[in-house]
4 protein chains.
Amino acid sequence: MKRIGVLTSGGDAPGMNAAIRSVTRTAIYNGLDVIGFRRGFEGLLEGDVIPLTASSVGGIIHRGGTILRTARSERFVKPEGVREGLLRLREYDIDALVIIGGDGSFRGAYDLHKLGYPVIGIPGTIDNDMAGTDCTVGFDTACNTALQCIEKLRDTASSHERLFLVEVMGRHAGFLALEAAVAAGAEYVLVPEKKFEIDDLCKKLHYAHQRGKSHSLIIVAEGVMSASDLSSQLKDTGGYDARIIVLGHIQRGGSPSSFDAVLASRLGGGAVEALLRGEAGVMVGRISGKIVTHPIQYAWEEKKDLDEDMMSLVDILGI
Amino acid sequence: MKRIGVLTSGGDAPGMNAAIRSVTRTAIYNGLDVIGFRRGFEGLLEGDVIPLTASSVGGIIHRGGTILRTARSERFVKPEGVREGLLRLREYDIDALVIIGGDGSFRGAYDLHKLGYPVIGIPGTIDNDMAGTDCTVGFDTACNTALQCIEKLRDTASSHERLFLVEVMGRHAGFLALEAAVAAGAEYVLVPEKKFEIDDLCKKLHYAHQRGKSHSLIIVAEGVMSASDLSSQLKDTGGYDARIIVLGHIQRGGSPSSFDAVLASRLGGGAVEALLRGEAGVMVGRISGKIVTHPIQYAWEEKKDLDEDMMSLVDILGI
Amino acid sequence: MKRIGVLTSGGDAPGMNAAIRSVTRTAIYNGLDVIGFRRGFEGLLEGDVIPLTASSVGGIIHRGGTILRTARSERFVKPEGVREGLLRLREYDIDALVIIGGDGSFRGAYDLHKLGYPVIGIPGTIDNDMAGTDCTVGFDTACNTALQCIEKLRDTASSHERLFLVEVMGRHAGFLALEAAVAAGAEYVLVPEKKFEIDDLCKKLHYAHQRGKSHSLIIVAEGVMSASDLSSQLKDTGGYDARIIVLGHIQRGGSPSSFDAVLASRLGGGAVEALLRGEAGVMVGRISGKIVTHPIQYAWEEKKDLDEDMMSLVDILGI
Amino acid sequence: MKRIGVLTSGGDAPGMNAAIRSVTRTAIYNGLDVIGFRRGFEGLLEGDVIPLTASSVGGIIHRGGTILRTARSERFVKPEGVREGLLRLREYDIDALVIIGGDGSFRGAYDLHKLGYPVIGIPGTIDNDMAGTDCTVGFDTACNTALQCIEKLRDTASSHERLFLVEVMGRHAGFLALEAAVAAGAEYVLVPEKKFEIDDLCKKLHYAHQRGKSHSLIIVAEGVMSASDLSSQLKDTGGYDARIIVLGHIQRGGSPSSFDAVLASRLGGGAVEALLRGEAGVMVGRISGKIVTHPIQYAWEEKKDLDEDMMSLVDILGI
């Protein structure tokens, strides 16, 4: 192996730059050349390349977003697109490709792998909904960002004795919602993984009010329903007047936390080392502090479950 | 003068607790007793009081919100309410009242003043729309909060080459929108003080795109229109697909910045000193670093204008 | 079991309040009373108690430090002290004691346990040097604090082309130094676990300079040597002029990160649940996301090693 | 005027990059070319130049430090150095030079001015010790950084009932120390402008202890004495055991606050506009929100005094 490529794909996540830096420097340390593709698989198809050097990835470890930019590629979803991508990779004499992204991006990588091309995936998404790793790159930072925003709302909620409703990201997974709820001491959390009844929530709110709670915070993952829909239901069913906040893209940005900078650095290094060992068609992950690999499709084929004890904890600590 | 009262009213703002602390300790330092009313004028009417001591205001200087809570009072808007408030103040042997809040709260204070009761106002609002002071308590913190959120969006905007639209607070005033726009290096800002044409904005966006700008940020004060309405207009008129973020109540919360903690401390001290000098029916403010007083109605009768040079600067620096 | 006690002991760590809140609310949820002892074992001996209720632990989840205060007790190190502590616990009808602290505090807990009294330990220290848990409460926050400080130095280091030397906490363990070094992209890290030669460091610096590095960051754990001693050695041996920063107690403070708030909440809940199950003389920990218990002496008898791959990563990524 | 130069000199300060960006874009907006000199006057002498364009200053507004780097130049202090600098400026066809820095840097600028060369100064230093502007670029950010660090110490101080001693920057001026002391609610502040007696401080500490204060914070500007010397004196004279923290270079770094980003943007724009109006040998400043100019030597010839009321406030609020 002489030259590897790297790209970021799908939604951006804090720590992607730290991963790019680590892939690049570990590769160079081991005598490899590194080429970056801009805008994900789209840039691969268009040949939008940039050589990466030890110094060109200097000073990026703490920048949010991704210096390689990212995009979703319509073309790469189709077999012709994948075959064209393969041609480009050969054209640039690239011996293996590192894909940093979520499960959608890993599926693209898997398609390349099935054509016999060596790929390796680094799980990067704030959703944490990928098996094969305790945490995905970006999840911890997003939790901290959500926590810091919610803390600011607490100030106002307790000053005004109000009900606040915070919508966080998570179309199919409630990891971020649940972690933020426990971290922020929220009274209720709604996640896509668990059936939700507006009557139950209203009963709980009613009971809390009777116990003397002057203000409450509800965290809702976007996959359950929008904060504004939930607000309407709370009004209609229980007569509650909630203030709503949609955290939105703020959750994707910011400098990576120490946890994510370290995780991204380790996975970046681990990915290159796995390639050097001859592994391909795999993803790297960190489980109990150890860097491990799994077949890349493991990320979406294996189900990663929400911790039931964490769900109960919200109820217990919300008393 | 032996005993003074203090209350926070209207929307909460970072630094209100620092002001409460400074009013309390300066009063005690000068031999006065201090009584806090909870939930603004509503608490005054209901006799919801709490004695404030040097130690009970310890450790609050950096907490967001207000330990006295705040509310808007329907009753206090009417003459009967004001007269009842006056009775309560006399009942508690309170010789003067310090009101921390925005211009709505100052109007309530003015009504008390017109009945001959000694009041003094401390301008506290994130909107900065009060004359008689260079800055209101809370404005600087809200600017920093908005800036930090917008910076996180920048990461994603530049990673995805997108147009972002950020709605900040400001129903009648664009101070926060303008300051945040210059601080964040936004390309466009829409403020209530200036007529806005969707065609102009689309032309500017078009021209920027031609010059090679890959992403842009627009800051809009809520008083101009909602981000979602603006987004629709951008779509309809120019075909632009903007991501929207509504910062909302996040802007009101958080620990006060150094600037606000100092400003609140100085205005709190200045308010008590003004009362001790025999001033009443006034507001305290800081102009060019000096603590000054103006008649309380000055806050809304005098117009505080947006800086025209700041408006131009957004255009110049957005090239 | 009807009533439990809780105390924080040793150096304070971010998340201790979140643990106190979780212990208290989980206990109350399960029908137990909770008594807090102030100032660690010293407060136990002096009977410095405070009843803890669901509302008295409200709003503390994000405060740094510990509302129960903490101290090191000279008296409790001796057998008479431990026996006196036992008498106090019985006097207050306390059926079990939760100790939040580092290994020194766990040794005190162990002494009580050996007298047959039910204790349970929650590992809380920024040093992370306790076995039986992947992370101790406070470690992640301290890493983030160190990272944020070091990032600010980077700005100045790269502006002035300088060598910076940052001393972080860690008398006997280099976890914090190593994590901060990887997270901050430091070029060198010195930890107590690994022998250090000034000549090696100077050679590396010399070589980096030759490769064109304009500035470098060295992280040193206080247990290796003080930053000022290291600075002298760098001057004497290699002629290097380093700027030094000692992070000191800043590392202990601040609101807990999302990670620590969640970890503390889970361990607090887990400790009470373990007591209710009849476990005693144990510590709770989180390993791979699961709450587990080990005999309390495990914390110091079992050696927790630095990750060798992390050490190598500093060298690789510092190129 | 066709082409201007810009450099940063002396100690770096947050907001310098925002000033560079604003100078550059305002100049380009007005049809001028812009050349940056790296490493201050040293880079001017060595011809270390870089052309600045609208896009090369994109994305730098929030970076700490200075992309132009900075240095102190031994050579430029001497008349020969200044004359050589002048030759370089003419060689590069540069019609005017913008200097961003403190009063030392302004003296260099003044020397060029006396040779008839058009210069303009933008006050950038965290010390705020320059007349002609209410605030220098970087001061507000440094205050916020100091405040955030001190807040973390408060957590530990109140948990352990300790005396903390914080040394902040300020060799000749106490602006930063005083602002941080008021903002953080410190009990005592020592500034170079005011004579200090260890006996007085010990008496105050003794009295505070008697009143029941369990912990205290003292802020000392480095120009008074080092924290470690003060700690020794407190030990010797009063028997006090203080924990010390030296904030050091952390205070210079970090992203500029909203206040500094705006101030730097306005001064950068104002500097170019002043040059276009034909002004030279001046500095720009902001006084009461307006951009003004003064002769450049005004910065050090006019004395900027500490606010006496602020000094008293520390005593009053520290009760």
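Predicted model: local features only at pLDDT ≥ 70, side-chain atom pairs only at ≥ 80, totals over all residues.
**Entry 1: Glu46(C)**

I found Glu46(C) in helix 2 of chain C, which covers residues 40–46. Is Glu46(C) buried or exposed, or something in between? I counted 14 C-beta neighbours inside 10 Å. A buried residue needs 20 or more, and an exposed one has 12 or fewer. Glu46(C) therefore counts as partly exposed.

Next I checked a distance. Glu46(C) and Gly289(C) are 243 residues apart along the chain. Their C-alpha atoms are separated by 38 Å.

**Entry 2: how the copies are related**

I superposed chain C on chain A. What rotation does this take? The rotation is 180 degrees, with 0.0 Å of shift along its axis, and the RMSD is 0.0 Å. I noted that this is the relation of a two-fold axis. Then I asked which residue of chain C comes closest to the rotation axis. That residue is Ser288(C), with its C-alpha at 2.4 Å.

**Entry 3: where chain C meets chain A**

I counted contacts between the chains. On chain C, 35 residues are in contact with 35 residues of chain A. Several helices of chain C each supply at least two residues to this side, among them helix 1 (16–29), helix 5 (139–160) and helix 11 (308–317). Which helix gives the most? Helix 9 of chain C does, with seven residues. I sorted the residues on this side of chain C by type: 17 are nonpolar, 11 polar and seven charged.

Last, I compared the two sides. I found that 100% of the interface residues of chain C are also interface residues in chain A, so the copies meet through the same surface.

How values were computed: Residues numbered from 1 in each chain as written. Chains lettered and ligands numbered in written order. Least-squares fit on C-alpha atoms with pLDDT ≥ 70 in both. Contact = placed C-beta atoms within 7 Å. Helix = DSSP H or I, 4+ residues; strand = E, 2+ residues; numbered from the N terminus. Nonpolar A, V, L, I, M, F, W, Y, C, P; charged D, E, K, R; others polar.
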